[in-house]
Each structure stands twice: as structure tokens, then as C-alpha cells.
Amino acid sequence: MSKASAPGKAILFGEHFVVYGVKAILCAINKRVTVTAEKIPQNKILIKSNIGELDAPLKKPISEINSPLKPFYYLANKMIEKHNQKTGIKIFVESEIPLGVGLGSSSACCVAGAASISRLFEETSKEQILELAIEAERTIFENTSGADCTVCTFGGLMEYDKKRGFSQIESDSNFNLVIANSNIEHSTDVVVSNVGQFKEKNEEKFLNLCQKESELVKQVSIMLKNNDLRGLGKCMHDNQKFLEIIGISNEKLREMIKMAEDTSFGAKITGAGGGGCIIALTDESNLEKTILKLREGNYDCFSVKIDFKGLDTF
Ligand code: MEV
């Protein structure tokens, strides 16, 4: 038996633009997915999770697996074939991360899944696990920038760009993020392709926004090193304006952000948008006030801190 857990994530700056090569800033959060994998004598792959079950024979083409649990099937099948073993695999998934709302539940599943399944057969490094996790994520979201799986694997606060990969940000910033859920589910794949269409129709405008986002991220890196929460909050406000322009916001998200901005240092959408969550930046001085404010508005909310551990294997 092999067990692994991986944290969810919040994108602080640069979602969507990161798909087109701009640097993003993101952190792992202290909410986790745990995956347990076990070899079984039957020639099948059996997956149990709180979003449903999958019971499928080995070697089915991945295009014939119609389930959100597809990445697990892909990983299990791949490992059995690679090691040419006569075995099936049973997988059990437990998650503390709300699903489909931009907090990295699917990338944490891919990372913890890649670790627990591959380690049934061989010792794997974090780098190898990340590579497998991104491959698995591509079965449900082809255009991924790889940012989410990277931060779920290595944890902490980081800069990420598609070409150069990640670098950890050394910062004393020990902020709290208040996360409020709009309870509007989104499909990252769909929202990312809508942004792609916006880009096709508005090439110049989009290029200009990418440049502005890059400049913003440069400022943010300095502010994080200086623990300048006020400055960071202002940058979140500016980043949100760019996200409004590319069309991933809506009335409800705008209302939540406005409410959170009253008490926090700043707020914005996190992740793909179109629904999902907003994050508000706080410290001990305004954390409770911000949670109360959002709860008064009847929004589901909770606070998280940075997870520095990343992938953990047992
Ligand atoms: C989704 O969490 C983040 C996006 O930037 C997509 C990606 O980076 O793959 C919207």
C-alpha cells in the first residue's frame, strides 16, 4: 500500500496570463488531498472518492473514460503497463479542498495520485512525480500551464513561468488568505478556452494586458520580500481589473470582492474564475473582521495559510 498527500493552491497573481508565458505568483495552502493506492489481484482499476467511483477494466483508451476521475485511471494504467505487471489497482481519495472552485483540488489529486500510484512500483523523485502529474492533468485540461501541479508538489510561495519553471520566494510574509466561495462551479478548461477566444479577437489588447501583468508581478516580488501587505493588496485590486477585462468575472464575484475590500488589504478572483473563489489578503489585524463581513453577506468562507511542505509521502 502507498499513501501520499498534496496541498491545494491559491494563485495570488497572474492566472490566465501564465498560460501565455507571463510569470505568476502562487502559494500552496494548508488544505490537502490524500490518496491511498493498493495493488489488487483483479485486472481492473477501482477508484473511490467523495465525487464518485470508477470501476474500469485495464487498458481502456483514455478517451473512453468519461469521468472526472480520469487522471487516476491514466496514472494507474500507465504504471501497470510500464512495469508489465499482472495486477490491478485500488485507489482511495480523500479531500479537504472544495472541488472545482479554483483551489487546486484537481492538481492536488494529480500530484498525490502520481506519487501514491508510482510508488507502488518504484522510488520516484518529486521532479518525476510532477512530470507524471502534469501528464495526468492534461487528460482533463489539455492547455494547463503546469503552475498548479508545480506548487502542489513543492509547496511554499513561488514564482512560476512556463519556460523557466518555478523559483521559491523567500519571504517573511506570514499572511492569512480569506477564501470565499461563490458556489458557482466552473470548468477550468472552458474558462481558459474562453480567454483564448478573447485573445484571438483582441490580440493587441491582450498583449498589452500581458505586459501590464508582467510589470505588476515584478512589483509584487519586491513587496513580498518587504512584507508590504498594503502594497500587495493594491496590486490585487489592479490585477482584478485585468481579470475583469478578459471576461472571467461576474456580478457575484464583484460583489464579494467589494465586500472583502472593505476590511482586508485587497481582494481578487483566484484561479480560473467564471465562478469559483475570491481571495482576500489579511493579517491578524483584519482576519476576523473580513471573515465576519463575508459571512454577513452569507458567503461561505474560511481562512488559510501557506503550506510549506508540498507533497508528502507515507
Ligand atoms: C487555474 O488554476 C490557473 C489558470 O491560469 C490555468 C493554468 O495556469 O493552467 C487559469
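Asp-148 places a polar side-chain atom 2.7 Å from an oxygen atom of the ligand, a polar contact (a pair of N or O atoms within 3.5 Å). Taken alone, the ligand exposes 300 Å², and the protein buries 98% of that; the areas come from the Shrake-Rupley method with a 1.4 Å probe. This is a predicted model, where local features need pLDDT of at least 70, side-chain atom pairs count only at pLDDT 80 or more, and totals for chains, interfaces and linings use all residues. Residues are numbered from 1 along each chain as its sequence is written, and side-chain values use heavy atoms, with hydrogens and water left out.

Lys-9 brings a polar side-chain atom to 2.9 Å from one. His-16 uses a polar backbone atom, 2.9 Å from a ligand oxygen atom.

Now the shell. It has 13 residues around the ligand, with Lys-9, His-16, Val-18, Ser-145 and Asp-148 coming nearest; a residue is near if one of its heavy atoms lies within 4 Å. The shell divides into 6 nonpolar, 4 polar and 3 charged residues, with Gly among the polar class and Asp, Glu, Lys and Arg as charged. Domain 1 (2–170) and domain 2 (176–305) both give residues to this shell, so the ligand lies between them. The domain bounds come from an automatic or database assignment.

Leu-12, Phe-13, Phe-175, Leu-177, Leu-224, Leu-232, Met-236 and Leu-281 have a separate listing: they line the largest cavity, where lining means an atom within 4 Å of a point on a 1 Å grid that a 1.4 Å probe fits but cannot leave.

Key. Polar contact = N/O pair within 3.5 Å; in protein donor to acceptor, adjacent residues only side chain to side chain. 1 Å grid on protein atoms, 1.4 Å probe; cavity = no way out; pocket = protein on both sides within 12 Å on 5 of 7 lines; lining within 4 Å.
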